[in-house]
Amino acid sequence: VTAEKAGYDHFMLKEIYEQPKAYRDTMLGRINTESLTVSLPELKLTKEKIAAIRKVHIVACGTAYHAGLVGKTVIETSARIPVEVEVASEYRYRSPLITPETLVIVVSQSGETADTLAALREAKKHGAHVLAITNVVGSSVAREADSVMLTLAGPEIAVASTKAYSSQLIAFFLLGVYLAETLSTQEQAWTKSIVAAMLSLPEQVESILENTDALRTYAESIAEHEHLFFIGRGVDYAVAQEGSLKLKEISYIHSEAYAAGELKHGTLALIEDGIPVIALATQNALLEKTVSNIKEVKARGGEIFGISDVNEVKALGKAVDEVFGIPATNALLTPALSVVPLQIISYYASLARGNDVDKPRNLAKSVTVE
Ligand code: G6P
């Protein structure tokens, strides 16, 4: 068993460390490193069909749904097409407005989640083109979708998803660039700069993983707490939701993710002396606003752990109790980096609580019941 874990104590940790490879493999063959362009021959849609798309629905469960939340911002920014994201178990029961001009993207690591599969069938029934983003070749979702974009994360064993989620982000980045190139919704300089930044992500993740001591120490300090909050704006909010789910799944610490600006509309009432708050502040354009939300939390006694890019660490450092810097990248791509410290924090918090990290109570890797 230790051999399968390649020397790591748990599959989850091994899978966290496999992310640079997962990113490289998912980009390989899809990015032309000279022209900095993307090709997606697996997308069975002509240019005309793509131009006819009026809206996108992203449907998924759990962690894959959180990847979809980032996907929405990526597609709306790059292709200027409106995107809705919904959990599969809700989508299918509310007669969603699906037309042949809707692109429905289902996201599923396993490709076997019952609700996601049912949503896919519903979408096909209404004539939509269904694109599956999945990690498993030949899975039910892969077999039934019209187009299949494989994430090449390799088998994921730990129940808590890590490398599958982050590879789904890479798939959305590739898709966003491809749609922008096809529809000319963005300047070439823009798409090329995204692609160039994508190519640096694997090394940047490696640099985060090189020294995780501060994250481990922080994780151990929150292990005795019963409640924790995550805040962020924009894609930071999407990543906050994934970080919160990860923490709940394996540490059993109750946590909530809040859009930083929404905190004062209720949740701020729960902030009292010593409550841990993880604040994501990677969006330079929103930094000032997020810092003012952080101050609201600080004034009520919250203990804040900030995550920001290296250039902004100083600005954030004054407002928070502790700060962790991630390498600088394009604002749209930060989730592929900022999720990594959150995975590490969850892992060590679970370990500190003596939990079964790879097999959390009550949860299954793949949910084939509705
Ligand atoms: C289960 C797993 C989650 C996963 C979700 C969706 O709840 O425990 O980690 O995100 O199913 O799985 P899928 O295979 O469709 O991505």
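Modeller: Two strands pair here if DSSP finds at least two bridges between them. Helices (H or I, at least four residues) and strands (E, at least two) are DSSP runs numbered from the N terminus. The model is predicted, so local features need pLDDT of at least 70 and side-chain atom pairs pLDDT 80 or more, while totals for chains, interfaces and linings use all residues. Residues are numbered from 1 along each chain as its sequence is written.

Start with an open sheet of five strands. Its order is β4-β3-β5-β6-β7, and the pairing is parallel. The edges are β4 and β7 (147–150), each of which pairs on one side only. From one strand to the next, the twist averages 20°. Axes are lines fitted to C-alpha atoms, for helices over the stretch in contact, and angles run from 0 to 180 degrees between N-to-C directions.

Now the pairs within it. Strand β5 (residues 102–108) runs parallel to strand β6 (residues 129–134), and six bridges join them. Leu 103 has His 129 in β6 as its bridge partner. Two helices pack on this sheet. Helix α4 touches β3 (55–60), β4 and β5, and its direction makes about 175° with that of β4. Helix α6 (residues 114–125) touches β3, β5 and β6, at about 165° to the direction of β5. Touching means contact: two C-beta atoms, placed from the backbone, lie within 7 Å.

Buried means 20 or more other C-beta atoms within 10 Å of a residue's own; 12 or fewer means exposed, and values in between partly exposed, with C-beta atoms placed from the backbone. β3 pairs with β5 in the parallel sense over six bridges. In that pair, Ala 60 has Val 107 of β5 as its bridge partner. Five bridges join β3 to β4, again running parallel. There, the bridge partner of Ile 58 is Val 85 in β4.

Arg 80 is exposed, because 12 other C-beta atoms lie within 10 Å. Asn 362 also has a positive phi, about 65°, although it is not a glycine. Asn 362 lies in the segment after α14 (335–352). With 6 C-beta neighbours inside 10 Å, Asn 362 counts as exposed.

Next comes another open sheet of five strands. The order is β9-β8-β10-β11-β12, and the pairing is parallel. β9 and β12 (322–326) are the edge strands, each pairing on one side only. Neighbouring strands are turned by 20° against each other on average, direction ignored.

Take strand β8 (residues 227–232). Five of its six residues are buried, so β8 is largely enclosed by the rest of the structure. β8 pairs with strand β9 (residues 254–259) in the parallel sense over six bridges. Phe 230 has Ala 257 in β9 as its bridge partner. Three bridges pair β8 with β10, also in the parallel sense. Phe 229 stands opposite Val 277 in β10.

Helices lie across this sheet too. Helix α11 (residues 235–251) lies across β8, β9 and β10, running at about 175° to β9. Helix α12 (residues 287–299) lies across β8, β10 and β11 (303–309), at about 170° to β10.

Is Ala 279 buried or exposed? Ala 279 counts as buried, because it has 28 C-beta neighbours inside 10 Å. Leaving aside neighbours within four places in sequence, Ala 279 is in contact with Ile 231, Gly 232, Thr 290, Ile 294, Ile 304, Gly 306 and Val 320. Ala 279 and Val 239 are 40 residues apart in sequence and 11 Å apart in space, C-alpha to C-alpha.
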